[in-house]
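Here are a few friendly notes to read alongside the structure. Have the viewer open and look up each place as you go.

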Amino acid sequence: MSNAAHKILVVEDEPDIRKLVQYNLLQERYKVLEAEDGEQALKIIQRDKPNLVILDLMLPGLSGIEVCKLLRERPDTAKLPILMLTAKAGEADRVLGLELGADDYLAKPFSPRELVARVRAILRRANGAGQTENLPSYNKGGLKIDFATYEVFARGKTVKLTLKEFELLKFLVQNPNRVLNRDQLLDRVWGGDTFVTPRTVDVHIRRLRKAIEKDDSKPQWILTLRGVGYKFDEKALEQ
Ligand code: CA
């Protein structure tokens, strides 16, 4: 998909910043849509189905966080890529944005080049993720998984996993480089099972690391984000 085929919605109430973002995206030949507030953004998203949303945190009316939450709750926009913009560079905002399901985060002031680089990375990831979901196998760097036969190989060696560990690994590799909190993992991997707690996730992650990491005391593939959750670092597979 060329850039021109991608529609990006910029949600920002400050006209100067909106224009700056728009200008830089147009230079890269993206199609750009604009919204001044959250309500307008939701309408445009429903009507024009953008491929990515650049969402400012501080908006009049519905805040960026509320918009993000609403988008994640709706099945048709649950996976819509979101790049959050914020004036605050604080760790708490960053964690909050990612926890609510933003794909990435950029603090103001940002360089236009950085913004464009992030947009490109998120779109590449989003397009790639859609493909891996239907692939019969996963094969990157030191990790190979056959989804049909449930075989897993780490650095060329067969790895024995329980069914749940396998499903957890499958979900992680299908959502690479993304912060996944315990509730999301419980929901997606354990589904309606009510006898599990967030601790269950930690226990399974620990076992999975023992099975596939080179040194499970220094995990490189499945990373912990303290207080938030876990992230499967796909780039580390190539090392
Ligand atoms: Ca703003």
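1. Let's begin with a charge and a ring. In this predicted model, the charged end of Lys 170 is placed over the ring of Phe 147, at 5.3 Å from the ring's centre.

2. Next, which two residues make up the aromatic pair? Tyr 150 and Phe 166 do. The structure holds 1 such pair.

3. Now see where the two partners come from. Tyr 150 belongs to the loop between strand 7 (143-146) and strand 8 (151-154), while Phe 166 is part of helix 6 (residues 163-174), so the pair ties together parts that are 16 residues apart in sequence.

4. Phe 166, by contrast, has a relative accessibility of 4% and counts as buried, because the cut-off for buried is under 20%.

5. Finally, turn to a pair of helices. Two packed helices are described by the angle between their axes and the distance between those axes. For helix 7 (residues 182-190) and helix 8 (residues 198-212), the angle is about 80 degrees and the axes lie 9 Å apart. Angles of 65 to 115 degrees count as roughly perpendicular, so helix 7 and helix 8 are roughly perpendicular to each other.

6. Which residues meet there? From helix 7 come Arg 182, Asp 183, Leu 185, Leu 186 and Trp 190, and from helix 8 come Pro 198, Thr 200, Val 201, Asp 202 and His 204. Sorted by class, this contact has 5 nonpolar, 2 polar and 3 charged residues.

Definitions and conventions
Residues numbered from 1 in each chain as written. Predicted model: local features only at pLDDT ≥ 70, side-chain atom pairs only at ≥ 80, totals over all residues. Heavy atoms only, no water. Phe/Tyr/Trp six-rings, centres within 6.5 Å; stacked < 30°, edge-to-face > 60°. Helix = DSSP H or I, 4+ residues; strand = E, 2+ residues; numbered from the N terminus. Buried < 20%, exposed > 50% of the residue type's maximum accessible area, 1.4 Å probe, protein only. Lys NZ or Arg CZ within 6 Å of the ring centre and 35° of its normal. Axes fitted to C-alpha atoms, helices over the stretch in contact; angles between N-to-C directions. Parallel < 35°, antiparallel > 145°, perpendicular 65-115°, else oblique. Contact = heavy atoms within 4.5 Å. Nonpolar A, V, L, I, M, F, W, Y, C, P; charged D, E, K, R; others polar.
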